[in-house]
Amino acid sequence: MEKNGIAIDIRQLHRWFGDNHVLSGIDLKIPAGTATAIVGGSGAGKSVLLKHMVGLLMPDSGSIYIFNHEMPRKAGRELEEIRRRFAMVFQGSALLNSLTVGQNVALGLVEQRKLSPAEIDRIIREKLALVGLKGKESRRPGELSGGMRKRVAIARALAMDPEIILFDEPTSGLDPVMAENIDSLIADLRDRLKKTVVIVTHDMDSAFKIADGICMLYEGKIIEQGSPETFRSSTNPIVEQFISRFKRHNDRRIEINREIGPQKELLDL
Amino acid sequence: MKKKARNIDKFFIFLGERLLEFFQSVGEMLLLLAETILWCRVVFKNLDKVLPQMGKMGADTLPIASLTAVFVGFVLALQTGVALQQFGQEENIGAIVSISMARELGPVLTAILVIGRIGAAITAEIATMSVSEEIDALRTLSINPVRYLVMPRFLACITMMPVLVIYVDGIGTFGGAAVAKAYFKVPFLTYVDNVAEYLEFEDIAKGLVKAAIFGVITSIVSCYKGLVTTGGPGEVGLATTNSVVLSFVSVYVSNYFITRLWLE
């Protein structure tokens, strides 16, 4: 029933950091089972918005509904219940360096103490295989490349079997081939596992490729919202400028990659 | 005149802001302490995190504690021995060394060592986790950071600090015995008899209570400073320095007031 409704409903969200009005009246509805990309330049408030969705930050005013349940303002059991429906893949992967890859993937399940160790082992193997890291359970995060760390973070998110997965800049710092790999993986999560996916990115290629809906944040406000097609044909000058600048920057990056040859990331594939 | 008034305003604004920050930090640390104590109810389910912390704390601190305690014992015996020798009272070196160690030097020295060795490491580790979003990652996995990170370190500090203090008291006292024998020709048994005669159980017990309180201070200050760190790697270093300084000051101040309370 809920699968067909609105997964995340944000109403008139405002957030200040000191005098800085980072989010200024955000209204956003994210349908369940779809992929939504939130795009915008650095400092536009994208990651702050994402952290509000999972209750890591609380709004100064406005409200957030997750499958029609209002997000509580205070930490407690109710907030934890809502958070169980989420998983988040952080920009820097946020793996615990003191644990192995396997322990990182199992972390949430082990702490929940609901499954047997054998069952948890099975889930670790299954999720790592899903992200192409079969047999890497005993490696330490420090021994992995950026792309591999991102994939471990995705496996950790999937292990909790969430309904909504939030990605904060999943392709930043990755070479184009690895970025495409991660994009395909995210698209797969939506198509095969029917997860609701929210991606914060400034990579327009990723957004156009994966997203069913795109919204652009600029100075704390949503200035454009719609399908990738409507976004491409937007007449909003800021959106046009953002897309064209990204394209120029990306062409230059591809050119540099061609000049310097394959990078370490590619060898890890 | 106007300019002078503005400067005075600025001074009071600055002072007020610092005072508010200070009281806010103290309030937040007390709340963290209360939450940590509440989480101690699930200690038996979390022994896999508590026991390694205790082991680590003991193993990391023991070598430096041994070295410090034995040399403090040496120097204490040397200084008191020289003074007592003038009155022909060398046999009382044992009492002075052991009581000083048990009441003051044992707990305070151990606290300083633990702050430097363990407290700094706790702040650096948790601050690094904060700036690299690992604490946020724990929250999104429905893992309470206070239960997962703070409670085990808190319990390790309040249980291991008294254990270390007993060890430091013992090593310091025996260090004193070695110097008393070598320089003042006080036989070992005379030294031990003197210790047994004057050192009371109360002296040791009070030292251990102090140690446990210093354990609370060290763990809560170190964890709090780590948890509130934001920004980048530069802030981790700053948080660690602040945490060590605040822990030292808190230990010195609380040590005075605890001693004062017991004397009344």
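Two residues count as in contact here when their C-beta atoms, placed from the backbone, lie within 7 Å. Keep that in mind as we go, and remember that this is a predicted model.

**Stop 1: two helices in chain B.** Select residues 145-184 of chain B, which form helix α5, and then residues 188-198, which form helix α6. Which residues meet where these helices pack? On the α5(B) side, look for B:Thr173, B:Ala177, B:Ala180 and B:Lys181. Their partners in α6(B) are B:Phe188, B:Tyr191 and B:Val195. Now turn the view to look at the two axes: they are 9 Å apart, and the packing angle is about 135°. That angle makes α5(B) oblique to α6(B). The crossing is right-handed.

**Stop 2: a helix with buried residues.** Stay in chain B and select residues 233-263, helix α8. This helix has 31 residues and reaches 45 Å from its first C-alpha to its last, close to the 45 Å expected at 1.5 Å a residue. Color its buried residues, among them B:Val236, B:Ala239, B:Leu246 and B:Val251. What covers them? Show α3 (93-131) and α7 (201-227) of chain B, which are included in that cover.

**Stop 3: the core.** Next, select B:Cys223. Leaving out residues up to four places away in sequence, B:Cys223 touches B:Leu32, B:Ile122, B:Ile126, B:Leu149, B:Val150 and B:Arg153. B:Cys223 is also listed among the residues with the most contacts inside the largest nonpolar core, which has 134 residues. Others on that list include A:Ala157, A:Ile165 and A:Val198. In soluble globular proteins, nonpolar side chains tend to be buried together.

**Stop 4: a helix pair in chain A.** Move to chain A and select residues 101-112 (helix α3) with residues 146-159 (helix α5). How are these helices arranged? They pack at an angle of about 25°, with their axes 8 Å apart. The two are therefore roughly parallel to each other. Their crossing is right-handed. Zoom in on the contacts: residues of α3(A) including A:Val101, A:Leu107 and A:Gly108 meet A:Val152, A:Ala155, A:Arg156 and A:Ala159 in α5(A).

**Stop 5: one more helix.** Finish with residues 176-193 of chain A, helix α6. Its 18 residues reach 25 Å from first C-alpha to last, close to the 26 Å expected at 1.5 Å a residue. Buried residues here include A:Met178, A:Asn181, A:Asp183 and A:Leu189.

Key:
Residues are numbered from 1 along each chain as its sequence is written. Chains are lettered from A and ligands numbered from 1 in the order in which they are written. This is a predicted model: local features need pLDDT of at least 70, side-chain atom pairs count only at pLDDT 80 or more; totals for chains, interfaces and linings use all residues. Helices (H or I, at least four residues) and strands (E, at least two) are DSSP runs, numbered from the N terminus. The expected span of a helix is 1.5 Å times one less than its number of residues. A residue is buried if 20 or more other C-beta atoms lie within 10 Å of its own, exposed if 12 or fewer, and partly exposed in between; C-beta atoms are placed from the backbone. A nonpolar core is a set of buried Ala, Val, Leu, Ile, Met, Phe, Trp, Tyr and Cys residues joined through C-beta atoms within 7 Å. Axes are lines fitted to C-alpha atoms, for helices over the stretch in contact, and angles run from 0 to 180 degrees between N-to-C directions. Angles under 35 degrees count as roughly parallel, over 145 as roughly antiparallel, 65 to 115 as roughly perpendicular and the rest as oblique. A crossing is left-handed if the near helix is turned anticlockwise from the far one by less than a right angle, and right-handed if clockwise.
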